Amino acid sequence: MTITTEVRHAVVAKGLAKIYGQGDAAVHALRGVDVSFATGAFTAIMGPSGSGKSTLMHCLAGLDTVTEGSVAIGDVEITRLSDKQLTLLRRERVGFVFQAFNLLPTLTAEQNIRLPLEIAGRQADQVLFDRVIDTVGLRDRLSHRPSELSGGQQQRVAVARALISKPNVIFADEPIGNLDSRSGAEVLAFLRHSVRELGQTIVMVTHDPGAASYADRVVFLRDGLLVSELTDPTPQTVLDMLLKLEA
Amino acid sequence: MLRTTLAGLRAHKLRLLLTSLAITLGVGFIAGTFVLTDTIEVGFRQKFTADAAKISVAVFPKAEQNAQELPFIPAETLTKIRAVPGVTDAQGLVSGPTPLLGKDGKAAGNFPTTGLSVPSGPLNRVVLTSGVAPAKPTDAIMDDNTAQTRQFAIGATITVLDAKGAKNDFTLVGLFDTGVDQQLGYTGAIGYTTDTAQRMIDAKGFREVDVAGADGADPAQLRDAVAAAIGAGYEVKTGSEYADELALQSNVDTGYLTLMLLLFGVIAMFVAALVIYNTFNILVAQRTREMALLRCIGATRAQIFGSILLESVVVAVLSSGLGLLLGLGLGAGAMAALGVLDAPVPVGAAIALTPRTIILAVVIGLVVTVGAALLPARAATRVAPIAALRSQVEEQTFKAGLVRTVFATLFLLAGTGLTVAGVTTGGSQESLIIIMAGGGVFFLGVLVISPVLMRPLASFVGWLPRRLFGVPGKLSVDNARRNPKRAATTTVALTIGVTLMTLISVITATTRATVKAQLDAQFPVDYMISDQRGGDSLVPRALADQLRQRPEVGSVIEMRRADARLAGPDAALDTSRYQVGNFPIAPDFRPQATTGSFGDLVAGTAALNDDVSRDLGRKVGDTLQLTTKEAGPVTLKIVATFDRESTDQAPITLPDADFERYFGRLDNAGVYVNAKDGVASDVARRAVEAVAQPYPTALVVSATELRGEFDDALDMMLMIFGGLLGLAILISILGIANTLSLSVHERTHESALLRALGLTRPQLRHMLSLEALLLGLIGALIGITLGTVFGWAAMQTFPFEVLFRAPVDQILVFLVLSGLAGVLAALLPARRASRASIVDALAST
């Protein structure tokens, strides 16, 4: 374990369990996961299909309720919060990038980027906005609607949207799942860039070892349990670990 | 393929039910109309046949040429009929006004009670509900309703005026039911023995003679025998011929009812068709991938087309069946309501469900549903197999195509042209029909062009929500603008109802204002006194003189009338009778002349109304010759003309003294009374009533009452039309709910995304409610505009000046209600959307 007590954590989960259904039909998606995500780090969650990586992310982000255990985002324990409080928490402290359907088709790229701030009734920090736009390289696309953007551009808009509200953490769920390799690489590079340059905390769920190698740290899930992790991964070390876990 | 379709339908029972509901309501209304009117018709026929069974032959007087009234059948004829071999009984019937005096000593009601003869023996058709038939000259029977409202019971003494106005006392021996006779139901009725009835009415014979023949005798032979015995001048019918005639007459009446109700049924079905069209369109759009997958695995275009049509057939059959049941319920309910309200329709007949009703209900349901699904089904065939592989449904982009623009322009221009033509030709029945056609064509234009209007209108209506409601407000406006075609069809359905409601409220408001102004001009007085019996019955001068004595009364205006023909060379020109009247002497009787002046109305002059002046070609300064009763032919100099609508004067008005000299000292056709300034209206009213008390038939009506009655009639009309249009509006609300719930389904991902980004549940619900509110308001705005414009146009066809009124308060209510309707429609879809779990919504594709 490389985590030391000096490191501040954006998200901390303890004894996280999630059971779907009841009795015989009960599915144990998570069976007691302890995991922490350091502030300003890019962490990837990996695991085979059905390992519970998406469930973990949903629980960490307050999108889904947990059966047991606790999750803290910053200094807020979220498992006891009401739906309304969770919603407000997501507004202020959490950013999302999904695999697809990330943008509202009726809004332009710029409106989509500003949407979380508008929902929260906050003003965008213009300096940050300019910096984000320039980093994402979308300045000439701001007035376009999603249907006029390529898949890669759409995902970059989604990342920009997640960044603009300066959340404690950004959860990215298979952010390049629908992209060709070049666009995917662009988005991943950009995610890593925003961690390095803007100090953003990012937690990414992926099944692609290449994508995971962009992260500072990779945690591995199997059958609802945290089974292993890697720091400073490369595609090869991730792949090896996966093969080891599959075996 | 069939199995796939049916499996799909079974999987979406709720959607199927919602879609069916629109058609069910429309079909139910139409079927209900038929059930109701058929039942009424059957009831009438049963009643008439039962009556006719008592009569073998009926004899009526034949109208002489140019005669105003039918002659009486003299008593000798009755004697002759009785002598015809085979006749076992013959009874003469009469009826006429015999005003019943209420307990206050005044003639009861606004119209004289109808007196009728009650024959004795098997030919009696009066149905007693209690007591016995009149046997003695002092016996009388009364209809239940009058007995109840005037509080008379069997054994009571009632006072009735005869034709000469004298009081006659009778003992009430029985009560009867007026049945389906609307006239009797309205005026109330009193039955006497035949002789008494003749005396009371002052009848010189009978209006009808009913004949009974021996059992088993052929009515037709008896008819011919009777006809031969009494000679020409009579109409002789068999009982069943008479029943057929009555039934035919009542069927014509029920026919109007059917037609009017069906009109609303057709409107409702049209709205339902729009709803179905929209629903299928959205379903096809949502199932693009399903359709593409079917194409991928080998389904042909025809099979896809067939599967959508099959779905619509299933919906149609289901909803027509339900509609038929609903119609039966509606028909039975309406009959029960009519029975409770004691309407003059035969109750008790079994609810009639004819094969025609069943066939029509199913055919209409089928044609409308399948017809509305045709275009969406065709759109489904255009789905490319490759669409199965696309992950995100493409956003609809809408551009006003050339075809749409051309068609819309054509319709709008043609509609405008027709309407303008109708308005400018004005003043006739045809121009109203032209304007109605123009309205219909224009509406089609609006229907075609409405997708183009949606975006600007949504921006316009959404201006305030966008600023007031933050992100949900903005997003709702965007969503309303998002799919203009869908929004247009949804809102146009509501527009139809709102247009017609606005149209009717504009027409009633305009009529109200116009008639009020006319009444004010014609009766610029507080009270009117006329004789309850109407016609030639007059109000005595003594009453007017007594009124002048009262301190509460300001002025008394006496209106007298007589008929006269033109005289001298003018008589050859025009042989018809003209109504001549006096120009009352009263300080506040100051009508306006169109040309000339009433100030010049001195001895030997006359004033004509504009119509007579035009018909006779006489202007101010010309002369007119008139044959008068007392003074023979006189020559009158015309000094003024006036508008018929602006004052209640006779077409030919003479100075008061001249009128008396020419026609004698006549009593008043009407007396108008103004209260003295400063006298409270109830005090003045009591004073006028007190003076009128000794004159039983002198009917005092206050101007406010008259306006009140008129207002009530208009309000009633507005309510009935509103209620009938309510169905179309209800269906359009279902349409909004359907569209919205399908849109919500379509936007599951979006909603989940918004929730993930921090939109609270209430905010998401508000967003959808606002979108529905916008749709409702847009539909209402178009409807209000169309309704107001075409209401104005329709009023231009009236043959007189109208005071156009758009009832702003009512129209605002329509606007608010439409908005609320939208919000109401959004209730369930919004709830469902906001309750959905974010994780599930994100996972579904």
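Analyst: Two residues are in contact if their C-beta atoms, placed from the backbone, lie within 7 Å. The model is predicted: local features need pLDDT of at least 70 and side-chain atom pairs pLDDT 80 or more, while totals for chains, interfaces and linings use all residues. Residues are numbered from 1 along each chain as its sequence is written, and chains are lettered from A and ligands numbered from 1 in the order in which they are written.

Chain B brings 20 residues into contact with 26 residues of chain A. Helix 15 (470-482), helix 23 (748-756) and helix 26 (838-843) of chain B each give two or more residues to this side; helices (H or I, at least four residues) and strands (E, at least two) are DSSP runs, numbered from the N terminus. Helix 15 of chain B supplies the largest share, five residues. By class, this side of chain B has eight nonpolar, seven polar and five charged residues, where Asp, Glu, Lys and Arg count as charged, Ala, Val, Leu, Ile, Met, Phe, Trp, Tyr, Cys and Pro as nonpolar, and the others as polar.

On chain A, helix 2 (residues 83-93) has buried residues (20 or more other C-beta atoms within 10 Å of their own). These are A:Leu86, A:Thr87, A:Leu89, A:Arg90, A:Arg91 and A:Arg93. Their cover includes helix 23 of chain B, together with strand 4 (68-73), strand 5 (76-77), strand 6 (94-97) and helix 3 (109-120) of chain A.

The domain assignment, automatic or from a database, divides chain B into domain 1 (55-237), domain 2 (453-523 + 704-845) and domain 3 (524-703). The C-alpha centres of domain 1 and domain 2 of chain B lie 56 Å apart.

Beyond its neighbours within four places in sequence, B:Ala272 is in contact with B:Ala22, B:Ile23, B:Leu25, B:Gly26, B:Val368 and B:Ile731.

Terms used
A residue is buried if 20 or more other C-beta atoms lie within 10 Å of its own, exposed if 12 or fewer, and partly exposed in between; C-beta atoms are placed from the backbone.
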